[in-house]
Amino acid sequence: MSFLQRRAAPLLRPPTALLRCRRPISSLSTALKEHAPIDVHPEVQEALAHGRPIVALETTIVTHGMPYPSNRETAMSVEKNVRTSGAVPATIGIIEGRVKIGLGPQELERLADVSANPSVVKLSRRDLAAAIAAKKDGGTTCSTTLILAALAGIKVFSTGGLGGVHRGGETTMDISADLHELTRCPVGLVSAGVKSILDIGKTLEYLETLGVPVVSYGPSDDFPAFYSRRSGFKSPWRVDSPESAAQILYTQNQLGMSNGALFAVPIPEQYEEVGEELQRAVEQAVRESEGNGISRRGKEATPWLLKRVGELTAGKSLESNIALIKNTALIGGQIAASYSRLMGGPAVASQPHLSQTSPTPSSQPQPEQGESMVGSDFNASPKLVIVGSAAVDITARADPVGGAANTNKMHTTTPGVVSLTSGGVGRNVAEASHRILCSYPDGYSTETLLISPIGEDGFAELLVSDSKRLRMRTDGLIQVPKGRTAVCNMVLDSAGSLTSGVADMDIVRTFEASKIIGILDQHQPSIIAVDANTSDKTLKSLVDYANKRNISTPKSTVIFPAIAAALNSADVTRAPVTFATPNVLELAHMYQEACASSLELTSHRYWWQVIDHMGLGSQFRNELEQLARYSAFAEGDTVANGTLAFLVDNGVAQMAINLLPFFQHLIIKCGERGLITAFRITGEQAQTSAWAKEASNIAVARQIVSANGVGTSIVVFKHFPPIRVSDDKIVNVTGAGDSLVGSMLASLSQNPDAFQSPEALDKLVSQAQLAAVYTLQSEYAVSPRLSSLRSNGSLD
């Protein structure tokens with residue numbers, strides 16, 4: 001849904017005023033001219049200077065909200081969640097009377113270990129100047145973090161729960177300073193609603209009085225209540241995407257408004273069940289605080305209540321607290337990234353005092369003379385290595401209005417829009433797997449490595465800069481002296497159809513296998529994935545290397561010379577290629593190449609042995625014909641039409657089975673008709689695999705399972721219906737397949753035996769299809785939403 005559900009009255013402002021407020025200058029530079037005691041972390045400073053997305057984070061949760069070391073670990077996890085969305089975390093605190101916009105690890109440890117630093121204070125607006133003057137250490141509350149985020153020009157702040165009107169506030173006037181700060185700090189506050197120890201109804205009424213927009217983020221307009229997804233109150237507005245939330249902040253900025261906005265994000269669904277139990281504990285803790293006088297002791301009340309709730313629930317509240325904070329950090333990062341894109345360029349930078357950090361030592365291999373490895377500061381070896389193209393995509397599209405007159409004469413200059421983005425099959429797959437692996441609970445940004453050549457030019461700088469922004473590894477980007485970075489230049493007409501294009505991929509085709517294998521030897525990854533832009537010679541070397549070690553995932557028919565070389569090099573005991581992910585058209589080309597080319601692969605002795613060993617007979621054919629009569633779409637999908645008849649009529653199943661001797665697992669992308677997996681399990685694995693206990697189940701599971709008589713070969717042929725996406729929600733079709741493959745590789749790097757289990761396979765494919773859908777709905781080649789795939793796991 002669109003974020004606008006009401007029509008606002010038009011507001012007229014002079015054009016010059018709109019231009020003036022479009023990129024407001026932060027007051028940070030003014031504060032620094034007055035020698036304000038402010039230090040900005042170098043990473044945050046760099047992000048401010050280039051207009052990159054930043055998310056502010058508070059530190060009261062570190063100093064007064066959780067026990068040690070849970071507080072430190074949570075703070076680190078929250079920062080990590082921000083990074084997975086492509087944003088930079090700026091954890092704000094006070095160290096020895098200096099404001100820190102972004103904390104280093106030692107500074108975070110200092111604030112977290114309160115037993116070693118018992119004098120650390122909790123800082124609201126009223127305490128800030130006094131604590132700085134006394135050179136205290138302090139954790140910033142929600143209100144103080146809002147102040148300092150606004151001072152630095154940071155537009156998004158993620159926290160757990162917002163303060164508000166305390167119970168009985170109509171007589172005690174006990175109202176959190178958080179609410180008033182939202183009226184004077186133009187920052188989007190992302191929280192799990194209002195702390196459940198408060199009077200939520202009165203808090204919402206007070207926010208309305210103050211003129212602060214309250215927006216529910218998610219599938220409903222229910223206002224969340226910290227531990228619970230519903231408080232019984234409704235928000236006046238709702239958004240369901242980071243882009244819609246960012247548009248609200250962007251519009252406020254355009255209008256020169258000085259207030260912020262509250263985005264209320266419900267706690268993840270898996271924690272909803274304990275919500276009622278936690279709420280009963282909250283009510284008991286509130287009654288106890290009223291009885292012992294804690295409720296009348298100002299800022300001491302909240303930490304006491306939260307601690308007491310934790311005691312009453314035996315730690316369940318802490319688990320929920322951590323979950324909701326990590327979730328708001330992830331959503332906040334996505335909103336910040338969307339806002340940065342809307343601003344469309346670098347922000348005005350100030351020059352604050354910089355905190356110094358020590359460089360990370362490198363243990364990476366040194367490049368050969370004349371070459372350089374970019375960003376060699378990654379010590380951990382990756383589980384997944386992707387060998388392929390990193391390219392810059394230049395897209396020129398004629399303006400639908402101004403360029404319409406020239407649509408049929410594109411040889412002339414016409415008005416339009418030109419965009420410059422990072423792309424390439426290898427890089428897209430690497431970004432997709434990187435985003436997903438970073439969203440795993442224990443994921444790391446170092447587990448995916450892209451090996452690709454780049455040139456000595458501005459395009460290479462763009463690729464490196466974009467990779468660093470996403471926290472992707474750059475030590476596999478090999479700079480070739482005097483080389484030209486791969487570029488794909490596409491010209492589109494006003495309707496978005498391709499009219500012409502030029503692709504300069506020579507640097508990828510001439511990339512030597514020895515350079516790649518040198519990096520592989522250094523890291524010893526568990527999975528090697530290869531796209532088909534490399535030369536035949538390089539592909540042969542990589543397939544040979546992978547066969548002696550692990551897995552390779554080529555992409556098209558140019559892999560067959562490498563397969564032929566593998567079949568003829570020695571006695572073959574396994575498929576030369578373990579995984580391949582063709583679409584239906586590529587599958588047909590692959591089959592034709594295997595059968596009809598001069599290689600004559602289907603005449604090879606090994607091919608006949610495998611086909612005979614599979615032992616497929618009349619029962620398999622009968623079950624396949626039965627499957628072909630079923631709808632290609634999920635049960636209950638009454639909008640779509642079409643059956644799986646193409647599996648038989650177009651020979652898709654026959655081609656897949658005949659290619660299994662060369663590719664142990666085929667994942668066939670059937671477009672709007674879903675996905676087919678065809679694979680075989682042999683030897684001891686066939687006897688121990690969970691598939692040995694499975695039978696064909698066409699009516700429910702859409703699967704055919706065939707075992708030979710001696711139990712040493714199992715063939716599985718299974719259809720997965722598509723996730724339906726309406727045409728009006730499809731934005732981009734170019735990167736969906738890359739996102740699907742990247743998701744599968746991410747899953748396989750964590751569970752290499754995923755195809756051995758029906759449940760694991762279902763999970764792998766479900767996540768991969770969802771990744772493809774997210775990219776279909778995104779303007780980017782890889783959707784930023786993949787960073788939240790593991791935590792969200794469902795479509796909006």
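**Helix faces, a helix pair and salt bridges**

In helix 23 (residues 605-614), Tyr606, Trp607, Val610 and Met614 are buried, a term that stands for under 20% relative accessible area, with exposed meaning over 50% and partly exposed in between (1.4 Å probe, protein chains only). Because these four residues cover an arc of only 100° around the axis, they lie on the same side of helix 23, while Arg605 and Asp612 are exposed on the other side. Gly615, with a positive phi near 65°, follows helix 23.

This is a predicted model, in which local features need pLDDT of at least 70 and side-chain atom pairs count only at pLDDT 80 or more, whereas totals for chains, interfaces and linings use all residues. Residues are numbered from 1 along each chain as its sequence is written, and side-chain values use heavy atoms, with hydrogens and water left out.

Turning to salt bridges (a side-chain nitrogen of Lys or Arg within 4 Å of a carboxyl oxygen of Asp or Glu), the structure holds 27 of them. One joins Glu43 to Arg83, with the closest N and O atoms 2.6 Å apart; this pair links distant parts of the chain, since Glu43 belongs to helix 3 (residues 42-49) and Arg83 to helix 5 (residues 70-84), 40 residues apart. Arg83 counts as partly exposed because its relative accessibility is 22%.

Another salt bridge brings together the side chains of Asp127 and Arg126 (3.4 Å, N to O); here Asp127 counts as buried, at 15% relative accessibility, whereas Arg126 is exposed, with a relative accessible area of 66%. Elsewhere, Asp39, Arg98, Lys100 and Glu107 are linked in a network of salt bridges.

Technical notes:
Helices (H or I, at least four residues) and strands (E, at least two) are DSSP runs, numbered from the N terminus. The arc is that of the directions from the helix axis to the C-beta atoms.
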